[in-house]
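This briefing is intended to be read beside the sequence and the coordinates.

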Amino acid sequence: MASKSASPFQPDPGPQLLPPGPAATKPFTPKVGGHERRTPPPQIDRRPPMYQMVLPERWGLDGGKLRPIPGTAKLVPGMSGVEAMRGGGVRVGTMLTHYRERGWIPIPLDTLPPSQAHRGSYLCEVEGVEDTVVCYWQQVFPGSREFRRNDELYYEWLDYVVSSGVVPPCQDYVVARLLEEKTAEHRKAVDRARSHPSWGPIAEDLAAEVQLLRAEMKKRMRPAPQGKPVIIEEPSA
Amino acid sequence: MTTVTTTTFANQLVSEKHLGVLALLLADRGSLPNHPALIEKTGLEGEGTTTFKGSALGLMGYDLPTGYSETGTVTSTALSDATASLTIARKAKLYNAKGLARLVDSLGVLNSQAMAMDAVATMNSFLLYQVAQLMDNFATIKGSSGADGTAATFLDARTALKIAKVEGPYLSIEPPRLYGDILDDVAFNAGGSIQWNADCQEMLSVAKGLGYEGNHLGVDRYTTTHVLDDSTDVWGGMFGRGAIVYGIASPGKLDLNADQVVLLNRILFDRIRDFANDEQGWGMAIYAGATELLDLCGVSMRCGRS
């Protein structure tokens, strides 16, 4: 069959401006300000990334157990020796030395219990909030200023930090000092509870803490270490 | 009969007119004056480094003499010292506005004067932020996790500083929750037996900076939300001279051009004009840093965050 060739006498139709069928569309969501039905981001304040760190002397009772009380080294240029790096990172060598010289043990970011090892870091960015970093055991909520700790995750991490040897166990003298402090607090609370009944439960809580520390002390009772004897020379007669 | 209503008259009405009321959005706008408990270091320009060393020496009565017999040989005493590195870094922000927006601005904020005032307030707030962020890192802690702060928390911190031989006057930087808890406890349990010299809005108090709450037992107390909130507790701290050193370099040593101004000898204020895009920018930068020097000069205080 011979092919039809365009007649040189017919006018060129040009580009087809009105194709048959409906015009193409693509999804579109208008920005409508306050009426937008979208999950709002958490409303918490900006938080810089922070190294968790532990001081061997900073222990306390947390969740009914003797646990370290971590401090935080903020990764903010200008704070405690942190320097800004080209490309947006921070240089932390001076900061780490600064804290180590003062007895702190900065906890490496990848120190995670086996159940959380897939995370790679104990820090997480909060989606939708600029420059805001929390730890994985801290919870934020859409549209809210609420900021909570998941105790189960936190204690799992903290206990792992101790059991894995990243920080040394609590020293005996620290337990003894805590026991003295809690005993004094308990006595004051008992006094107060006599005139202010609302202090009753506080005094009971403190009594439980004192018991816990006493039990801990009992477990640790050992003979005192033998030191070099101090010789006091008596004047000759 | 056709009555004129706002609907029928709509073509002749403007959609909105500014009320003439301008409120500031909520923010922590506190500031710290040059309090004696803080060590401020200036003159950090032209030294060839961004890192400086702060020192503390065991002199002026630090070591007591040792007793010797008449023929005994005196042994050398080691000169004790401590040091901390202070690093300064650039902190900056920039606002931009198009020419048309500036032209129709009825609030009078899209101009250099308003932006310069913002730059000064920003620097004050930032200096407070820097110091507040260091409050949770003292080795000594007072207050219990998750519990309300009490007058005892405050008194214990003060006593710990006295025992550590820290010179006064002391400065206390507290989250509002801790401050409120202590105030409640003082009012509820201690009655009038604790001295309280509350801020009384005198002119003198103005000089102490925004966030100043008063002087309690010789401690100047400030509140701020710039302190650490660890999702269980909020942290504050009380300290004396030697705990914190902060430094701020003067941009006045830069080779400034006609659009740059130095404010308060601390802030580089820059007006940036982009004619092609009809854009005016106002930038501010400070070159500052803060660090802890002597840990025992401070005590961290905490209380439950709610």
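Against which elements of chain A do the buried residues of helix 3 of chain A pack? They pack against strand 2 (59–62) and helix 4 (200–220) of chain A. The model is a predicted one, and it contains a contact between chain A and chain B to which each chain gives 28 residues.

**Helix 3 of chain A**

- Helix 3 of chain A runs over residues 172–195 and comprises 24 residues.
- From its first C-alpha to its last, this helix reaches 36 Å, close to the 34 Å expected at 1.5 Å a residue.
- The buried residues of helix 3 of chain A include Leu178(A), Lys182(A), His186(A) and Ala189(A).

**Chain A: composition and domains**

- Chain A has four helices and eleven strands.
- Of the 237 residues in chain A, 23% are buried.
- Among contacts in chain A with a separation of 6 or more, 53% are between residues 24 or more positions apart.
- The domain assignment divides chain A into domain 1, residues 50–163, and domain 2, residues 172–220.
- The centres of domain 1 and domain 2 of chain A, taken over C-alpha atoms, are separated by 29 Å.
- Contact between these domains of chain A involves five residues of domain 1 and six residues of domain 2.
- Strand 2 of chain A supplies three residues to the side of domain 1 that touches domain 2, the largest share of that side.
- By class, that side of domain 1 of chain A has three nonpolar residues, one polar residue and one charged residue.

**Contact between chain A and chain B**

- The contact is formed by 28 residues from chain A and 28 residues from chain B.
- On the side of chain A that touches chain B, at least two residues each come from strand 2, strand 4 (71–74), strand 5 (83–84), helix 1 (93–101), strand 11 (147–149) and helix 3 of chain A.
- That side of chain A is made up of seven nonpolar, ten polar and eleven charged residues.

**Chain B: overall form**

- Chain B contains five helices and 15 strands.
- The C-alpha trace of chain B spans about 120 × 55 × 35 Å along its principal axes.
- The radius of gyration of chain B is 26 Å, whereas a compact globule of 306 residues would have one near 19 Å.
- Buried residues account for 36% of the 306 residues in chain B.
- Of the contacts in chain B with a separation of 6 or more, 80% link residues 24 or more positions apart.

**Nonpolar cores**

- The largest nonpolar core has 83 residues, and those with the most contacts inside it are Val131(B), Met238(B), Phe239(B), Ile244(B) and Tyr246(B).
- Helix 2 of chain B (residues 112–132) gives the most to this core, contributing eight residues.
- Beyond its neighbours within four places in sequence, Ile244(B) is in contact with residues including Leu38(B), Ile39(B), Val131(B), Leu134(B) and Phe239(B).
- Ala290(B), Glu292(B) and Leu293(B) are also among the residues in contact with Ile244(B).
- Another core, of ten residues, lies apart from the largest one; among its residues are Cys170(A), Leu178(A), Leu213(A) and Ile141(B).

**Backbone features and loops**

- Gly168(B) and Pro169(B) are joined by a cis peptide bond, with omega about 0°.
- Pro169(B) lies in the loop between helix 3 (151–163) and strand 6 (170–174) of chain B.
- Asp131(A) is not a glycine, yet its phi is positive, near 50°.
- The loop holding Asp131(A) runs between strand 8 (123–125) and strand 9 (133–135) of chain A.
- Asp131(A) counts as exposed because 10 other C-beta atoms lie within 10 Å, and the cut-off for exposed is 12 or fewer.
- Met60(B), also a residue other than glycine, has a positive phi of about 60°.
- Met60(B) belongs to the loop between strand 2 (51–57) and strand 3 (81–87) of chain B, and Met60(B) is exposed, with 5 other C-beta atoms within 10 Å.
- Val109(B) is located in the loop between helix 1 (99–104) and helix 2 of chain B.
- Val109(B) is partly exposed, with 15 other C-beta atoms within 10 Å.
- Val109(B) and Asn34(B) are 75 residues apart along the chain, and 29 Å separate their C-alpha atoms.

Terms used: Residues are numbered from 1 along each chain as its sequence is written. Chains are lettered from A and ligands numbered from 1 in the order in which they are written. This is a predicted model: local features need pLDDT of at least 70, side-chain atom pairs count only at pLDDT 80 or more; totals for chains, interfaces and linings use all residues. A nonpolar core is a set of buried Ala, Val, Leu, Ile, Met, Phe, Trp, Tyr and Cys residues joined through C-beta atoms within 7 Å. A residue is buried if 20 or more other C-beta atoms lie within 10 Å of its own, exposed if 12 or fewer, and partly exposed in between; C-beta atoms are placed from the backbone. Two residues are in contact if their C-beta atoms, placed from the backbone, lie within 7 Å. The expected span of a helix is 1.5 Å times one less than its number of residues. Domain bounds come from an automatic or database domain assignment. Ala, Val, Leu, Ile, Met, Phe, Trp, Tyr, Cys and Pro count as nonpolar, Asp, Glu, Lys and Arg as charged, and the others, Gly among them, as polar. The radius of gyration is taken over C-alpha atoms; the globule rule is 2.2 Å times the number of residues to the power 0.38.
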